[in-house]
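I opened a structure file today and kept notes on what I looked up. The entries go from the whole chain down to single residues.

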Amino acid sequence: MYQIVYYSDEVYENIENWPDKIAASYARITDRMVENGPNLGMPYTEAIGEGLFEIRARGKEGIGRAFFCTLIGQRIVVLHAFIKKSQKTPKKELELARKRMKEVKENV
């Protein structure tokens, strides 16, 4: 079994405030991750590169993305989450996730 932890309360609260259908999709995906590990593959998760991955939640209201990395001890750390408003992931969202991943991995 894996454990999901959040970079901060703000990241957790952000996801909690997603529209209902997107939040439900996120919850189903993370439940699978806890049981089966983080590498679910498309359409649920995707490798971004250099140890960064994304959860691909979707609902009638739109698309949510949550970036995560894994740590020793079967821990999945959700670093950043946002509601996607364009086809391509905004660079600032990706940069923030990479910065947080570096910080988390340095402090292990």
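The notes below begin with the ground rules and then turn to the chain.

**Entry 1: ground rules.** I am working with a predicted model, in which local features need pLDDT of at least 70 and side-chain atom pairs count only at pLDDT 80 or more, while totals for chains, interfaces and linings use all residues. Residues are numbered from 1 along each chain as its sequence is written, and side-chain values use heavy atoms, with hydrogens and water left out.

**Entry 2: the fold.** I looked up the secondary structure and found 3 helices and 5 strands. Here helices (H or I, at least four residues) and strands (E, at least two) are DSSP runs, numbered from the N terminus. Read from the N terminus, the order is β-α-α-β-β-β-β-α. The radius of gyration is 13 Å, close to the 13 Å that the globule rule gives for 108 residues, so the protein is as compact as a globular protein of that length. That radius is taken over C-alpha atoms, and the rule is 2.2 Å times the number of residues to the power 0.38. I also noted that the C-alpha trace spans about 35 × 30 × 25 Å along its principal axes.

Entry 3: How much of the protein is buried? Of the 108 residues, 36% are buried. The word buried means under 20% relative accessible area, exposed means over 50%, and partly exposed is in between (1.4 Å probe, protein chains only). For contacts (heavy atoms within 4.5 Å), I took the pairs at least 6 apart in sequence, and 51% of these join residues at least 24 apart.

**Entry 4: aromatic rings.** I searched the whole structure and got 4 aromatic pairs. Rings of Phe, Tyr and Trp (its six-membered ring) pair if their centres lie within 6.5 Å; planes under 30 degrees apart count as stacked, over 60 as edge-to-face and the rest as tilted. One of the pairs is tyrosine 6 with tyrosine 12, where the centres are 5.0 Å apart and the planes are at 75°, so I wrote down edge-to-face. Tyrosine 6 is partly exposed at 26% relative accessibility, and tyrosine 12 is partly exposed at 38%. Tryptophan 18 and tyrosine 26 also form an edge-to-face pair, with 5.7 Å centre to centre and 80° between the planes. Both tryptophan 18 and tyrosine 26 are buried.

**Entry 5: two strand residues.** I picked isoleucine 83 in strand E5 (residues 75-84). Leaving out residues up to four places away in sequence, isoleucine 83 touches Trp18, Pro19, Ile22, Ile63 and Gly64. Is isoleucine 83 buried or partly exposed? Its relative accessibility is 28%, so isoleucine 83 counts as partly exposed. Leucine 71 lies in strand E4 (residues 62-71) and is buried at 12%.

Entry 6: Most residues other than glycine have a negative phi, and most peptide bonds are trans. I found a cis peptide bond joining methionine 42 and proline 43, with omega about 5°. Proline 43 is in the loop between helix H2 (20-36) and strand E2 (45-49). Glutamate 50 has a positive phi of about 60°; this residue is in the loop between E2 and strand E3 (52-59) and is exposed at 72%. Glutamine 74 also has a positive phi, near 55°. Glutamine 74 sits in the loop between E4 and E5 and is partly exposed at 38%.
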